[in-house]
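Let's take a friendly walk through this model together, from the whole chain down to a pair of side chains.

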Amino acid sequence: MATTIKITPVVKGKESERFNAAISTSKTNKISEEKKAKMFSLVDKVLSKKES
């Protein structure tokens, strides 16, 4: 069976301003490469134990 597609409503006014502010801060709030590598290594460790 196909999954129904929900149309995203158009955001206007104050909601639009809040949405744009949240998006702009998330663009600059990136994690460091070191932290990213640590997370991926933990995921790999968990997945390797799961396969065993």
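Predicted model: local features only at pLDDT ≥ 70, side-chain atom pairs only at ≥ 80, totals over all residues.

**A walk through the chain**

Residues are numbered from 1 along each chain as its sequence is written, and side-chain values use heavy atoms, leaving out hydrogens and water.

The chain has 2 helices and 0 strands (DSSP runs, H or I of at least four residues for helices and E of at least two for strands, numbered from the N terminus). Its radius of gyration, taken over C-alpha atoms, is 19 Å, well over the 10 Å that the globule rule gives for 52 residues, so the chain is more spread out than a compact globule. That rule is 2.2 Å times the number of residues to the power 0.38. Buried residues make up 0% of the 52 (buried is under 20% relative accessible area, exposed over 50%, partly exposed in between, with a 1.4 Å probe and protein chains only).

Now look at helix α1, residues 13-28, where Phe19 sits. The whole structure holds 1 salt bridge (a side-chain nitrogen of Lys or Arg within 4 Å of a carboxyl oxygen of Asp or Glu). Glu15 forms a salt bridge with Arg18, their closest N and O atoms being 2.8 Å apart. Both residues lie in helix α1, 3 residues apart, about one turn of the helix. Glu15 counts as partly exposed because its relative accessibility is 48%, whereas Arg18, at 52%, counts as exposed.
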